[in-house]
Amino acid sequence: MIDPVGSRVDGHHAVHGRGADVAALHEAGIGHASGIVAGTDDDAENLAIALAARRLKPEIFVIVRQNQRSSRVLFAKLGADITMVPSEIIANQCLAALRTPLLADFLEAARHQDAFWAFTLSERLRAALGNVTPQFWSTVLDADHAPNLVGSDGALKQPVTVAELCVDPEHQDAAHPLRRRAIVLRLIRGGGTIETPADDVVLQSGDTLLCVGSAAAGVTQQRRLGRR
């Protein structure tokens with residue numbers, strides 16, 4: 001931590017200085033750092049911090065905070081690994097909550113899981129999606145939202161597992177890279193909730209599902225469900 005006024009919290013050390021100052025960066029340990037976060041409320045300062053860090057360590061992972069929309073061009077030229085725009089983050093969270101209400105509840109529950117759970121899920125996502133940006137969607141297994149699977153009497157036409165719902169039926173080869181492009185993150189059944197249900201869980205009529213996958217996987221699944 002580098003802070004212009006030094007340590008402000010008991011028990012936590014902060015280097016006294018500015019983030020763009022070479023001496024402060026060395027004192028903070030940039031030589032053995034994997035990344036740097038430039039998170040002040042001043043865009044010029046954050047750009048200067050990122051540039052100074054890259055001069056000292058070109059391969060360092062850079063995260064910067066962009067406060068003003070008018071600074072967009074400068075931050076684009078910088079080419080940081082991650083650019084955080086607080087206003088856009090808030091807007092995106094609001095849109096996600098409106099479009100996929102189940103996602104907010106899942107993320108809240110995920111915060112209480114341990115590191116092993118998070119690592120296991122991230123590896124599953126990487127295996128299914130690679131570097132593709134994930135899309136989220138939810139559906140209900142009923143006659144309105146899944147008429148291909150649920151009959152007018154409200155019962156499933158045939159048994160379906162979580163794994164069967166998540167694979168692309170056009171790719172029968174289990175080793176095909178496009179066979180599995182979706183994961184069920186949450187299954188709500190009655191008054192209970194199952195986080196990241198196992199592949200062999202048999203789905204039931206009335207189940208509500210939160211899924212993640214590629215955009216193509218979402219389209220494929222909705223087409224398979226016969227969603228109106």
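Me: Is strand β7 largely enclosed or left open by the rest of the structure, and how many of its eight residues are buried?
Reply: This model is predicted. A residue counts as buried when its relative accessible area is under 20%. In β7 the rest of the structure largely encloses the strand, because the number of its eight residues that are buried is six.

Me: In what order do the four strands of the open sheet stand?
Reply: β7 is joined to β9 by six bridges, and these two strands run antiparallel. β7 also pairs with β8 in the antiparallel sense, over four bridges. β6 pairs with β9, again antiparallel, over six bridges. The order is therefore β6-β9-β7-β8.

Me: Which strands stand at the edges of this sheet?
Reply: A strand at the edge has a single partner strand, so one of its sides is left without a neighbour in the sheet. This applies to two strands, β6 (135-140) and β8 (192-195).

Me: What is the average twist from one strand to the next?
Reply: The sheet is open and its pairing is antiparallel. From one strand to the next, the twist averages 20 degrees.

Me: Which residue of β9 stands opposite Phe136?
Reply: Strand β9 covers residues 208-213 and pairs with β6. The residue of β9 opposite Phe136 is Val212.

Me: Which helix packs on the sheet?
Reply: The helix covers residues 115-129 and touches β7 (182-189) and β9. Its direction makes about 130 degrees with that of β7. The helix is α6.

Me: Which residue in β9 is the bridge partner of Arg186?
Reply: β7 and β9 are joined by six bridges. One of the bridge pairs links Arg186 with a residue in β9, namely Leu210.

Me: Which residue takes a positive phi in the hairpin of β7 and β8?
Reply: The bridge partner of Ile188 in β8 is Thr193. The hairpin has two residues between the strands. The residue with a positive phi, near 65 degrees, is Gly190.

Me: Where is Thr196, and what is its phi?
Reply: Most residues other than glycine have a negative phi. Thr196 is not a glycine, yet its phi is positive. Thr196 lies in the loop between β8 and β9, and its phi is about 40 degrees.

Me: Why do the buried residues of α5 line one face of the helix?
Reply: In helix α5 (residues 101-110), Leu102, Leu103 and Phe106 are buried. Seen down the axis of α5, its buried residues line one face because they fall within an arc of 100 degrees.

Me: How many disulfides does a search of the whole structure find?
Reply: Cys166 is in no disulfide. For the whole structure, the search finds zero.

Terms used
Residues numbered from 1 in each chain as written. Predicted model: local features only at pLDDT ≥ 70, side-chain atom pairs only at ≥ 80, totals over all residues. Heavy atoms only, no water. Disulfide = S-S within 2.5 Å. Pairing = 2+ DSSP bridges. Axes fitted to C-alpha atoms, helices over the stretch in contact; angles between N-to-C directions. Contact = heavy atoms within 4.5 Å. Buried < 20%, exposed > 50% of the residue type's maximum accessible area, 1.4 Å probe, protein only. Arc of directions from axis to C-beta.
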